[in-house]
Amino acid sequence: MSNVTVIGTQWGDEGKGKIVDWLASRADIVVRFQGGHNAGHTLVVGDQVYKLSLLPSGLVRGKTGVIGNGVVVDPEALLAEIDRVSAQGLVVTPETLWVAENVPLILPIHVATDRAREAARGDRKIGTTGRGIGPAYEDKVARRAIRLCDLAEPETLDWKLDELLLHHNTLLAGLGAETFTKEALLAHLQRLAPRVLPFACSVWERLDEARRAGRRILFEGAQAVMLDVDHGTYPFVTSSNTIAAVAASGSGVGPNAIGFVLGIAKAYTTRVGEGPFPSELDDENGRRLGERGHEFGTVTGRARRCGWFDAALVRRAVKVGGVSGIALTKLDVLDGFDEVRICVGYTLDGEAISSFPSAPAAQERVQPIFETMDGWRETTAGARSWGELPAQAIKYVRRIEELIEAPVTLLSTSPERDDTILMRDPFED
């Protein structure tokens, strides 16, 4: 029996919600270990649709949910999400939701700084969601973050707010934005503290106890490897590390605890926001993928850019993410295409290159190398066994496995959780 860590291998929005929900039914505890409420999962359970940004997906299945220390938490957004899902019938209490007492908090001043800086970038904007994620992570590294445990210590909160205001108000004033007062931020936190503090606990200790008791743990990543602050298409990335290695440090367990690493990949590629996208399609095929795949961001609502499957990109994610196997999602979106293409590599200024470059100007000049395969007219939608798939769809999946140098261990053929083909059980690895 193994624990499982789920990460995205593209630019996010790979359909992690369904896969995590499917796996969560077999886990005991589900842990979020990085990111903030800029990530989102849509889960469909019966006639209920749950849109989660901070809450671990396992709560929908009655499992214990954990928000680890690697997450940055907007307490107001967290409580609003708890209220929303509670109105849908979920039970969210300090017994079912554990929040690491040392998580850094996102305050309104972080949101203001985030938006003011993005506006000041003009044509060089990054495409941030403007939710304060980046500035909150900056404060964590700069050792001026206000953490959840600080809400229980008024004297600590007092001097920490002074330091926080000195930094952010200087930035806001320089950008011509409205500054904040200590009284306003203090009142904000004092209003939220009585409701959020009961969820605070020593998460690392509880997870250690759970492991010793043999409980199954599912670690749930946000965003994806190509949005990793080190390994992604910098600077068009998120503000945290998204690779599986961070499941350990972001939740307080040892690296030997993260278990089987399941990478999620769409059968094509999408991206929300700015940044390079070598296999992007600005034609009828791109529009068709977007329409058939209902490609709109869960959190932002923005239309996703669409393109062919980029095997070179996913192969890199497999290597740096430590991926054991791939869950390939949305195969059914490709039904009916006369031909499908796979990006198998890149050229830069006419010369073949071994991997996607790190330098931003070089990233913009990269051109894809495509391999073309016949499509399939038969439907894959709703298939629940390998034998139900069209022969050409199987060839497509097998070719992806060869190119990314990793096995497809799970295949999703519709948004329905049971329309899933399992080739290898990650919990039994």
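## Terms and model

A residue is called buried when its relative accessible area is under 20%, exposed when that area is over 50%, and partly exposed in between, as computed with a 1.4 Å probe on protein chains only. The structure is a predicted model, in which local features need pLDDT of at least 70 and side-chain atom pairs count only at pLDDT 80 or more, whereas totals for chains, interfaces and linings use all residues. Residues are numbered from 1 along each chain as its sequence is written, and side-chain values use heavy atoms, with hydrogens and water left out.

## Aromatic pairs

Rings of Phe, Tyr and Trp (for Trp, the six-membered ring) form a pair if their centres lie within 6.5 Å, and the pair is stacked if the planes are under 30 degrees apart, edge-to-face if over 60, and tilted for the rest. Four such pairs are present in the structure. In one of them, the ring centres of Trp308 and Phe337 are 5.8 Å apart with the planes at 75°, so this pair is edge-to-face. It links distant parts of the chain, 29 residues apart, with Trp308 in the loop between β11 (305-307) and β12 (309-310) and Phe337 in the loop between β13 (325-329) and β14 (339-348); helices (H or I, at least four residues) and strands (E, at least two) are DSSP runs numbered from the N terminus. Trp308 is buried at 3% relative accessibility, and Phe337 is buried at 2%.

The rings of Trp376 and Tyr396 have centres 5.7 Å apart and planes at 55°, so their pair is tilted. Trp376 lies in the loop between β16 (366-374) and α12 (391-404), while Tyr396 belongs to helix α12, 20 residues apart. Trp376 has a relative accessible area of 2% and is buried, and Tyr396, with 1%, is buried as well.

## Charges over rings

A charge sits over a ring if NZ of Lys or CZ of Arg is within 6 Å of the ring centre and within 35 degrees of the ring normal. The charged end of Arg288 is placed in this way over the ring of Phe337, 4.0 Å from its centre. The charged end of Arg206 sits over the ring of Trp98, at 5.1 Å from the centre.

Glu14 is located in the loop between β1 (4-8) and α1 (16-24), and with 0% relative accessibility it counts as buried. Apart from neighbours within four places in sequence, Glu14 is in contact (heavy atoms within 4.5 Å) with residues including Gly8, Thr9, Gln223, Ile264, Lys266 and Thr329. The C-alpha atoms of Glu14 and Ala327 are separated by 9.5 Å, although these residues are 313 residues apart along the chain.

The side chain of Glu14 reaches the backbone nitrogen of Gly12 at 3.0 Å, and one of its polar atoms lies 3.3 Å from the backbone nitrogen of Thr9.

## Annotated positions

The unreviewed UniProt entry places the feature "binding site" at Asp13 and Gly40; such positions are given in the numbering used here, feature names are shortened, and annotations may be inferred rather than shown by experiment. The two positions are spread over 28 residues of sequence but cluster in space, with a largest C-alpha distance of 8.2 Å.

Asp13 is found in the loop between β1 and α1 and is partly exposed, with a relative accessible area of 24%. Leaving aside neighbours within four places in sequence, Asp13 contacts Lys266, Thr270, Val272 and Arg304. Gly40 lies in the loop between β2 (29-32) and β3 (41-45), and at 23% relative accessibility Gly40 counts as partly exposed.

Conventions: Polar contact = N/O pair within 3.5 Å; in protein donor to acceptor, adjacent residues only side chain to side chain.
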